[in-house]
Amino acid sequence: MTFTCQTVNDLSAAAKQLLSGYPASRVFAFYGQMGAGKTTFIKAICRQLGANEIVQSPSFAIINEYTTHSEESLYHFDFYRIKRAEEAFDIGYEEYIYSGSYCFLEWPELIEQLLPADVIKVTIAVEPDGCRKIEF
């Protein structure tokens, strides 16, 4: 499925489409160049899921945890600073990914061999006119 976003306001509809298209999925990997809007799209998804906290990039923490109004956990990873895939194990990656909670992974190409088989891959591309093309 492909979704084109002209503005940030369009992300809410794209987030709703992604979640309704994969209702049983919990692990989502976000691909795109720096500045493509991965974190911004994850913010929209977390809003759709009812996150209580302000969603921010976990660039330095590597993982942020948010809770929803119904006390569910949402995990947001940023693997940009990972040098080796083994470092993901040091933060307890498997416990989060196989917890049954929503997990959103930025820069998953750095741990590609560790991704579960049922991961949903989301690609965000910046079009020449500045729009974002989101494919999942």
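These numbered points describe the sheet, helices, cores and salt bridges of a predicted model.

1. Sheet order. The seven strands form an open sheet with mixed pairing, in the order E1-E7-E6-E2-E5-E4-E3. E1 and E3 (63-67) are the edge strands; each has a single partner strand, so one side of each has no neighbour in the sheet. From one strand to the next, the twist averages 20°.

2. Pairing around E7. E1 and E7 run antiparallel and are joined by four bridges. Within this pair, Phe3 has Ile134 in E7 as its bridge partner. E6 and E7 are also antiparallel, again with four bridges, and here Thr123 is partnered by Glu135 in E7. The E6 and E7 strands make a hairpin with five residues between them. In its turn, Gly130 has a positive phi of about 95°.

3. Pairing of E2 with E6. E2 and E6 run parallel and are joined by four bridges. Tyr31 has Thr123 of E6 as its bridge partner.

4. Which residues of H1 are buried? They are Leu11, Ala14, Ala15, Leu18 and Leu19. These residues cover an arc of only 130° around the axis, so they lie on the same side of H1. The cover over them includes E1, E2, H2, E5, E6 and E7. On the face turned away from the buried side, H1 carries the exposed residues Lys16 and Ser20.

5. Helix H2 against the sheet. H2 lies across E2, E3, E4 (73-78), E5, E6 and E7. Relative to E5, H2 runs at about 170°. H2 is also among the elements that cover the buried residues of H1.

6. Largest nonpolar core. This core has 26 residues, and Phe41 and Ile134 touch the most other members. Two or more residues each come from strand E1 (2-5), helix H1 (11-21), strand E2 (27-31), helix H2 (38-48), strand E5 (102-106) and strand E6 (120-126). Apart from this core lies another, of 20 residues, including Phe77, Ile82, Leu105 and Ile111. In soluble globular proteins, nonpolar side chains tend to be buried together.

7. Surroundings of Ile134. Leaving aside residues up to four places away in sequence, Ile134 touches Met1, Thr2, Phe3, Cys5, Leu11, Ala14, Phe41, Val122, Thr123 and Ile124. One of these contacts, Phe3, is paired with Ile134 by a bridge. Two others, Leu11 and Ala14, are buried residues of H1. Another, Phe41, is named with Ile134 as touching the most other members of the largest core.

8. Where does Ala51 sit? Ala51 is in the loop between H2 and E3. With a relative accessibility of 17%, Ala51 counts as buried, because buried means under 20%. Not counting residues up to four places away in sequence, Ala51 touches Cys46, Tyr66, Thr67, Thr68, His69 and Leu74. Ala51 and Leu74 are 23 residues apart in sequence, with 7.8 Å between their C-alpha atoms.

9. Salt bridges. How many salt bridges are there? The count is three. Arg84, Glu86 and Glu87 are linked in a network. Elsewhere, Glu112 forms a salt bridge with Lys121, with 3.1 Å between the closest N and O atoms. Glu112 is partly exposed, at 30%, as is Lys121, at 43%. Side chains of opposite charge can pair when their charged atoms come close.

Terms used. Residues are numbered from 1 along each chain as its sequence is written. This is a predicted model: local features need pLDDT of at least 70, side-chain atom pairs count only at pLDDT 80 or more; totals for chains, interfaces and linings use all residues. Side-chain values use heavy atoms; hydrogens and water are left out. A nonpolar core is a set of buried Ala, Val, Leu, Ile, Met, Phe, Trp, Tyr and Cys residues joined through side-chain atoms within 4.5 Å. Buried means under 20% relative accessible area, exposed over 50%, partly exposed in between (1.4 Å probe, protein chains only). Contact means heavy atoms within 4.5 Å. Two strands pair if DSSP finds at least two bridges between them. Axes are lines fitted to C-alpha atoms, for helices over the stretch in contact, and angles run from 0 to 180 degrees between N-to-C directions. The arc is that of the directions from the helix axis to the C-beta atoms. A salt bridge is a side-chain nitrogen of Lys or Arg within 4 Å of a carboxyl oxygen of Asp or Glu.
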